[in-house]
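Me: I would like to learn how to read a few features of a model, one at a time. Could you take me through them, with the general idea before each case?

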Amino acid sequence: MTTTHTNLSQQFWSKFALNNWEKDNLAIKHSFISPPIASDELFKIVVNDFNTADDVHDRTRFYIGEKLQELDKSDIRLPQKQDASFASYNQRISTMLNGQEYALVIDAIKVNDVLWDWTYDFLQSLYKSLGYISYGHFYSIFYGNYHVTPFGVHFHFNPAESAFYFPITGGKSMRTWTPEFVNKHPKLKGAKNYQDFLESSTLLQAEPGGMIYWPSDRWHVGDSRGGDVSIVLAINTSSDLVMQLSQMICDEIKYLYGDSIKGFFFKRITQALAQWHSLNEEMKILGGDSFKGYPVSPLIRAGIGLLSLILSIVPSRQITTKSFFNPDDLQESAEKIPESIQLAAKKFKWIVGSIIIERASTKLWLTMLTCYGFWPLSASQMISEKKGVLTSESSIQVFPKRKILFRQVDKNNTLVFINGIGINVTSHPIFPLIIKKINSVEIQNVAEILQLSRTVVDDSNNNCQIADVIKFLEELLLYRGIKIVK
């Protein structure tokens, strides 16, 4: 499969990091960027998400007018395979609702490999200019015949999210306001009618081939002509990695203890600690000026105040340290776990052992470095049907702009990561040698790699066989770490 690119220069990103990132809006109308994906291909992604993902309904909202609807898995108001396109879906739903305004919102859509590759290229260039990585980015779709975002003027406070908006068909208009202005005019929070505040807003517009960006502190609302197709890349700007690390720790607990009572206990305590930390941080935000004036009942506000008081008694150091890395030497960066992850790990050090924390921290960091903060595809999604068959006569090469990263976690095990997928190998010197050869970007002959492996394995007392090397190369091919060159 051909890797897709955004056609954005590093010079653009250097200026963006200096002038716009978390500072100011940016809108480029058209003829600027290669579109992330075609409309029909995006619709296939949406339908596939509904057909295969168990959690899709937790990530989906459907509004009629301003009212949020209850959904179930078989709800006919959701996109169906027979709709075939967004336009056909819109025609069916508009007829069903007798022309009433509706909005379909799907968060964290399960992207395909084409959109994942495009996003990798996009984020790699962004973070190369920033010099640090955050984690937990995802795409959302807002679609329908609505004219204003049904839940009004809003912003994302937990976690803080900046956004890149990409029109796929039609145009997109967003209005943003600074937090200082909104705090002085609290009626704007959650407002669907904001005509009195237009002069103080910034209007951002783009068409296919264009892009809109706004920082995480901006209050915003979407204006739509109805029927336009756009996707928004939500960027988690938080440095706090406690929740993400807890997920990795739970995976390690599952691997080590299986379904035992001990494993169940450790997982529940780990999840509870992460939730407690997240709630603590959320209460700090909800008690601040950014939340004051939001339309909530006095009872809810009193509850927020009480929880804030209770949580403030429990010491919880706020994590603001960035996850810095060396863009020009990812392997060097892989060798040292950043302080942001080390601080997150301290939340769990009294619950699980150091081996579990070390492996979980390493997996989180290598995932971040090989995905540039975007959610990785699952192993099944990453597998390419057109990968080919690896033989001793094959010539292989690493994918463009990719690096295979590794880190030894103990005397017997080394973790290898590519595209966010982890491979466990023995801590034998042959694997770093093979990885360094492949990462050189030069075309490699499999027969020569196997000959080198025989020499190194024969000279070593370590428990490693040629079959292990072949299996490793096959896994790299399977997860698109390498490709066969003809």
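**Reading a helix and its surroundings**

Reply: Helix α3 is followed by N98, whose phi is positive, near 55 degrees; helices (H or I, at least four residues) and strands (E, at least two) are DSSP runs, numbered from the N terminus. This is a predicted model, in which local features need pLDDT of at least 70 and side-chain atom pairs count only at pLDDT 80 or more, while totals for chains, interfaces and linings use all residues. Residues are numbered from 1 along each chain as its sequence is written, and side-chain values use heavy atoms, with hydrogens and water left out.

Me: Which residues of helix α3 are buried?

Reply: In general, an α-helix has 3.6 residues a turn, so residues three or four places apart point the same way. In α3 (residues 86-96) the buried residues are F86, Y89, N90, I93 and S94, where buried means under 20% relative accessible area, exposed over 50% and partly exposed in between (1.4 Å probe, protein chains only). Seen down the axis of α3, these buried residues fall within an arc of 125 degrees, so they line one face of the helix; the arc is that of the directions from the helix axis to the C-beta atoms. A87, Q91 and T95, on the other side of α3, are exposed.

Me: What covers the buried residues of α3?

Reply: Contact means heavy atoms within 4.5 Å. The cover includes α2 (39-52), β2 (60-64), β4 (102-106), β6 and β12 (229-236).

Me: Where does Y146 lie, and what does Y146 touch?

Reply: Y146 lies in the loop between β6 (138-144) and β7 (161-169), and at 4% relative accessibility Y146 counts as buried. Not counting residues up to four places away in sequence, Y146 touches E101, Y102, A103, K172, S224 and G226. The side chains of Y146 and K172 are joined by a polar contact of 3.4 Å, that is, a pair of N or O atoms within 3.5 Å, of which, within protein, one must be able to donate a hydrogen and the other to accept it, residues adjacent in sequence counting only if both atoms are side-chain atoms.

Me: How many salt bridges does a search of the whole structure find?

Reply: A salt bridge is a side-chain nitrogen of Lys or Arg within 4 Å of a carboxyl oxygen of Asp or Glu, and the search finds 14. One of them joins E358 and R407, with the closest N and O atoms 2.8 Å apart. E358 lies in helix α11 (residues 354-371) and R407 in strand β15 (residues 405-408), so the pair ties together parts that are 49 residues apart in sequence.
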